[in-house]
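Here is a short note to read alongside the model.

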Amino acid sequence: MQRLNPSASTGAQPGSGRTTGSGRTTGKSGNPAKRNAPRTSGVAAGRPATAGDWVSGARLRTLPLAIAPVALGTGAAIVASEPGAYHWVRALLALMVALSLQIGVNYANDYSDGIRGTDANRIGPARLTGGGAARPSAVLTVALAFFALAALAGLTLVVLTGQWWLLLVGAAAIVAAWFYTGGRRPYGYFGLGELFVFVFFGLVATLGTTFVQVGTVNTESWLSGVGIGLIACAVLMVNNLRDREPDRVSGKRTLAVLIGDTASRVVFCVFLLVPFLIAGFFGLFYPLAWFTYFVLFLAVPAGLIVVTATTSKELVLALKLTSLASLAYGVLLALAFAL
């Protein structure tokens with residue numbers, strides 16, 4: 001299929017070492033902040049980041065990926081609770097953990113990709129660090145602040161539940177959020193992004209939300225966690241498909257880079273549509289679960305766009321539709337459990 005960015009530069013990024021024939025850079029290693037930090041002081045002619053730039057840096061379109069698993073976990077908790085028993089305080093704390101982690105990882109990615117020079121050929125919206133709108137240290141501080149907020153909400157949940165081993169789960173989630181693109185060997189640069197997204201924004205978020213409310217997990221939380229985890233993988237896949245060529249040039253080996261254009265489009269559709277088989281299974285026990293199929297009005301167009309897209313603008317639209325589909329899937333299936 002046609003490449004999305006056939007005119008992307010294949011040269012080395014400034015300060016990234018020598019360039020191989022494939023366009024990948026080799027040579028220097030260690031802390032990328034010391035060799036690739038942006039030299040510009042603003043997006044245009046030294047303009048500092050505005051409030052809108054910082055809000056954009058939070059990548060609000062990804063927040064449904066945090067809300068949906070908490071909704072599903074809460075619906076599953078209601079199934080496991082005594083009639084009329086609700087745990088809204090714990091549900092809200094779980095939501096705070098998920099949202100803070102999502103925003104934190106977005107800023108952390110902005111920082112890490114920016115100082116590596118990965119965003120130099122970025123197709124999507126300009127980043128705070130890579131675009132030079134904000135100092136890397138400022139972006140890092142904001143990322144750490146959101147990680148701290150997630151840790152505080154998580155600690156509160158641990159105290160309320162008395163399940164101190166959950167501290168290890170929370171620590172693992174923060175470590176996974178940082179090392180997606182941070183550190184010397186970020187796993188997001190080796191095709192493992194979708195796996196970790198599935199685990200933490202699917203299974204861990206959904207099962208954890210159920211567990212902190214009722215002290216157990218059930219089939220509803222397990223299977224719905226699988227479903228929403230796959231949709232989260234679809235969001236990441238279409239994002240990486242959009243950036244596949246510049247990522248390849250920068251040496252960022254996402255799954256989309258590793259398996260190629262056509263296979264990435266097929267895998268995206270699998271990620272996006274398999275969850276509806278899970279919804280159909282739940283429809284056998286929860287009649288309202290069939291309403292989840294209305295989400296196909298978002299998912300099917302997203303799939304068709306990804307299969308036929310030749311421009312990054314089309315893939316951005318598919319990304320938005322897929323993100324909305326994740327929220328709608330999570331909320332509708334959660335309501336089916338709860339009602």
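1. Buried here means under 20% relative accessible area, exposed means over 50%, and partly exposed lies in between, using a 1.4 Å probe and protein chains only. The model is predicted: local features need pLDDT of at least 70, side-chain atom pairs count only at pLDDT 80 or more, and totals for chains, interfaces and linings use all residues. Residues are numbered from 1 along each chain as its sequence is written, and side-chain values use heavy atoms, with hydrogens and water left out.

2. The count of salt bridges is 5, a salt bridge being a side-chain nitrogen of Lys or Arg within 4 Å of a carboxyl oxygen of Asp or Glu. One of them joins arginine 244 and aspartate 261, at 3.9 Å from N to O. Arginine 244 is in helix H8 and aspartate 261 in helix H10, so this pair ties together parts 17 residues apart in sequence. (Helices are DSSP runs of H or I, at least four residues, and strands are runs of E, at least two, numbered from the N terminus.) Aspartate 261 is buried at 9% relative accessibility, and arginine 244 is buried at 13%. Arg244, Asp261 and Arg265 are linked in a network of salt bridges.

3. Aspartate 113 and lysine 252 also form a salt bridge, 3.3 Å from N to O. Aspartate 113 lies in helix H3 and lysine 252 in the loop between helices H8 and H9, so the pair connects parts 139 residues apart in sequence. Aspartate 113 is buried at 3%, and lysine 252 is buried at 6%.

4. Arginine 242, in helix H7 (residues 219–242), is buried with a relative accessible area of 2%. Its side chain makes a salt bridge with aspartate 243, with the closest N and O atoms 3.0 Å apart. Aspartate 243 is buried at 6%.

5. The whole structure has 0 disulfides, a disulfide being a pair of cysteine sulfur atoms within 2.5 Å. Cysteine 233 is buried at 2%, and cysteine 269 is buried at 19%.

6. Leucine 304 is in helix H11 (residues 296–308) and counts as exposed, at 56% relative accessibility. The C-alpha atoms of leucine 304 and arginine 265 are 9.7 Å apart, though the residues are 39 apart along the chain.
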